[in-house]
Amino acid sequence: MLRLQHHFLSSIGASSHRHCSLLSIATTAITPDRFVAEEYLVTTCGLTPAQAGRASKGLTHLKSPVKPDAVVAFLAGVGLAKDDIIAGIARYPRLLCSKVDKTLTPRFAQLMSLGLSPSQISRLITIVPNIFVAPKKISHLQFYLSFMGCFDRVHSAIRINPMLLSRNLEDVVKPNIAFLLQCGLTVSNVLEFPLLIGMRPESVRERVACAEKLGVPRNTGMFKSALWAVYCVGPNSIGAKLDVIKATLGCSGAELTLVVRKSPPILRMSEGKLSRALKFLKVDVGLKLQYILLRPAILAFSMQRRLMPRHYFIKILKAKGLVKENVDFYNALCLTEKRFAQKFIDPYNQSIAGLADAYAAACAGKMPHED
């Protein structure tokens, strides 16, 4: 570790001339006799005036640019990107008060010892720049790297929930992970819930119980989707949401239970979107309510990118006698774009000039005008 720290310190001196852009203005605009933190943050660190105004409130004790200059030179010297340094300072301006030899150098060495590259550390400080002054966060980072398998997954998780590195591993994170795995979620599933695994364990259990009350058992394929829906809506709001869905669909309680069990994402749909989709399917497509209730996932398809284009072009093909009248609309919706084109567009592109181009335009939101 000492050899590594010595290497970092020597590399800064050797390469500092390559990174003088962050410091060049400071030597003329800021002097030790008159140090203004807000001005320094703009001229030297590259923050916007608005960012500097907010950040300077935590630097009022600084009387000289000596320590900030050393910090900026260190961060640039070890290979962190200029834009990432700016973002890190804007997020945690007290980083400029750190001691290079006693704080930054050993922390950087620790991060490198975890297998992180300078570019990865650079990306990291845009989210959690205070990792340099919080050794516990580095040990937590080590756990997440081991559990999640790679830096990119960890980066994605803490970008969504930066507080993950601050949560108690033994009392919060590890029990939550173990519980979710017991519920039938895979490690890959758990990685999709960075906000959930950082919650109080009792709150996680409350959401799992709420998902089960929706009629979606643990250890089933739909459980992850139900749990995410409960998280998004909130356990205290689920009842009201169910009432809205029931009223919008005009279904019975038993039918509602079946709808939610088959398609939990419907809980995350707004009343307006749900109402528009239902109206289109019933009025324009001509589907019966019972057909829709048995296939509730049909309501979640994008109106502009999936429902309207596919209905319009299937309707054209039917009118010209090119496809059977009894084409199942839900099955047609479930086809990938490539498969739908192979089945409904490509075979008839010669019969109907410009069919493929018109369909592509429709999927991009430019629906043809019906006569």
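"Buried" here means under 20% relative accessible area, "exposed" means over 50%, and "partly exposed" is whatever falls in between. With a relative accessible area of 33%, Glu 337 therefore lands in the partly exposed group. Keep in mind that you're looking at a predicted model.

- Side chains of opposite charge can pair when their charged atoms come close.
- Glu 337 pairs up with Arg 306 in a salt bridge, at 3.9 Å from N to O.
- Glu 337 sits in helix α21 (residues 337-345) and Arg 306 in helix α19, so this pair ties together parts that are 31 residues apart in sequence.
- Glu 337 also meets Arg 310 through their side chains, this time at 3.5 Å, N to O.
- Arg 310 has a relative accessibility of 0%, so it counts as buried.

**A closer look at Arg 306**

- You'll find Arg 306 in helix α19, which runs over residues 303-319.
- Its relative accessible area is 18%, and because the cut-off for buried is under 20%, Arg 306 is buried.
- The side chain of Arg 306 also reaches the backbone oxygen of Leu 335, at 3.3 Å.
- Leaving aside residues up to four places away in sequence, Arg 306 touches Phe 301, Leu 333, Leu 335 and Glu 337.

**Other salt bridges**

- Searching the whole structure turns up 8 salt bridges.
- One of them joins the side chains of Glu 206 and Arg 207, at 3.8 Å from N to O.
- Glu 206 counts as partly exposed at 38% relative accessibility, while Arg 207 counts as buried at 13%.

**Helix α5**

- Helix α5 covers residues 66-77, which makes 12 residues.
- From its first C-alpha to its last, α5 reaches 16 Å, close to the 16 Å expected at 1.5 Å a residue.
- Buried residues in α5 include Pro 68, Val 71, Phe 74 and Gly 77.
- Just after α5 comes Gly 79, with a positive phi of about 100°.

**Domains**

- The domain assignment gives the protein chain a domain 1 (35-134) and a domain 2 (301-370).
- The C-alpha centres of domain 1 and domain 2 are 54 Å apart.

Definitions and conventions
Residues numbered from 1 in each chain as written. Predicted model: local features only at pLDDT ≥ 70, side-chain atom pairs only at ≥ 80, totals over all residues. Heavy atoms only, no water. Helix = DSSP H or I, 4+ residues; strand = E, 2+ residues; numbered from the N terminus. Buried < 20%, exposed > 50% of the residue type's maximum accessible area, 1.4 Å probe, protein only. Polar contact = N/O pair within 3.5 Å; in protein donor to acceptor, adjacent residues only side chain to side chain. Contact = heavy atoms within 4.5 Å. Domains from an automatic or database assignment. Expected span 1.5 Å × (residues − 1). Salt bridge = Lys/Arg side-chain N within 4 Å of Asp/Glu carboxyl O.
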